[in-house]
Amino acid sequence: MRTATYFFIFLNLSLALFEEPAVYPLPFLATSVLEVLCLLVFLGRLTHFAKVTLHNVFWKDTKNICIMVAILLSLTDLAIYGILRLYNVRSIRWSRIVRPIFLINFAESRQIRRAFRSIRNTLPEITYVFLLFMFSLLMFSLMALKLFGERNLQTAEGLPYFRNYLEIVFDLYVLVTTANSPDVMMPAFDFSSWYALFFVAFVIINTYIFMSLFLAVVYNNYKKHLKVMPGGAGD
């Protein structure tokens, strides 16, 4: 039963690769039949839980409620989408975002649920580090706008260089990953080699210091919550 449940959960999640929009789309009838099959298996598994669980315990378990709501939303969305297709009305399968609920809330997924709960408990504790990082990013972006925005510099493609604040924030955010290094600083470096110090300082502070600090906070808090995570049959 556990293997079958995992198989149909994987199949249900994989349908997103073949439903429109997709690189290799399958006919709507094929994906809808597979989805209905998966939902029937989930409903049967839930019925099995109800048969072997006390009535008041079953209905107090939020995991079972989440699965039932996800099944209902998926069937409703599938029916609406199918009807709209008959009238050639273009729509979007919005219920696909609820499919991970099946992966998290079935009893067989206890370890996944524990990991998800640890991540959820860790997020509030890393918020302050994240806000401090965003403050640094915004301040460096403002400095870049003041340093380079009034010098009429251009990129290699002939586009304006560092004249829009939001674009500067995005470019420097990418620079944290060093994905656009050193291209992002070359127009400023060609104008004056001293401007390279700005980007060096940015990388040192945000990439090496803040990212290391961010990783340490995430790791330590996640490990702490993972150790104190309670177990039990109702987990």
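Predicted model: local features only at pLDDT ≥ 70, side-chain atom pairs only at ≥ 80, totals over all residues.
How many aromatic pairs does the structure hold? The structure holds 18 aromatic pairs. Two rings of Phe, Tyr or Trp (its six-membered ring) pair if their centres lie within 6.5 Å; planes under 30 degrees apart count as stacked, over 60 as edge-to-face and the rest as tilted. One of the pairs is F148 with F162.

Residues are numbered from 1 along each chain as its sequence is written, and side-chain values use heavy atoms, with hydrogens and water left out.

Back to the pair. F148 belongs to helix α6, residues 110-148. F162 sits in the loop between α6 and α7, where α7 covers 165-176. The two residues are 14 apart, and the pair links distant parts of the chain. Helices here are DSSP runs (H or I, at least four residues), as are strands (E, at least two), and they are numbered from the N terminus. Both F148 and F162 are buried. Buried means under 20% relative accessible area, exposed means over 50%, and partly exposed is in between (1.4 Å probe, protein chains only). The two rings also belong to one aromatic cluster, whose members include F140, Y161, F191 and Y195.

F162 has another feature. Its phi is near 55°, a positive value in a residue other than glycine. Most residues other than glycine have a negative phi, and most peptide bonds are trans. F162 counts as buried because its relative accessible area is 4%. T178 also has a positive phi, about 60°, although T178 is not a glycine. T178 is found in the loop between α7 and α8. Its relative accessibility is 40%, so T178 counts as partly exposed.

Now turn to the peptide bonds. Where are the cis bonds? One joins E20 and P21, with omega about -5°. P21 lies in the loop between α1 (2-14) and α2 (28-52). Another joins S181 and P182, with omega about 0°. P182 lies in the loop between α7 and α8, and α8 covers 186-191.

Helix α6 deserves a look of its own. It has 39 residues. From its first C-alpha to its last it reaches 53 Å, close to the 57 Å expected at 1.5 Å a residue. That expected span is 1.5 Å times one less than the number of residues. Where does α6 bend? It bends by about 45° at I126. The bend is the angle between axes fitted to the seven residues ending at a residue and the seven starting there.

Next come the cysteines. A disulfide is a covalent bond between the sulfur atoms of two cysteines. The rule used here asks for a pair of cysteine sulfur atoms within 2.5 Å. By this rule the count is 0 disulfides. C38 is buried, because its relative accessibility is 0%. C66 has a relative accessibility of 32%, so C66 is partly exposed.

R93 lies over the face of Y81, 5.9 Å from the ring centre. A charge sits over a ring if NZ of Lys or CZ of Arg is within 6 Å of the ring centre and within 35 degrees of the ring normal. S95 lies in the loop between α4 (62-86) and α5 (100-105). S95 and A70 are 25 residues apart in sequence, yet 8.2 Å apart in space, C-alpha to C-alpha. S95 is buried, because its relative accessible area is 0%.

Finally, compare the model with the record. An unreviewed UniProt entry lists several spans as "transmembrane region", including residues 26-44 and 194-219. UniProt positions are given in the numbering used here, feature names are shortened, and annotations may be inferred rather than shown by experiment. In the model, residues 26-44 are 89% helix and 0% strand, with end C-alpha atoms 26 Å apart. Residues 194-219 are 92% helix and 0% strand, and their end C-alpha atoms lie 37 Å apart. The unreviewed entry also lists residues 1-16 as "signal peptide". That span is 81% helix and 0% strand.
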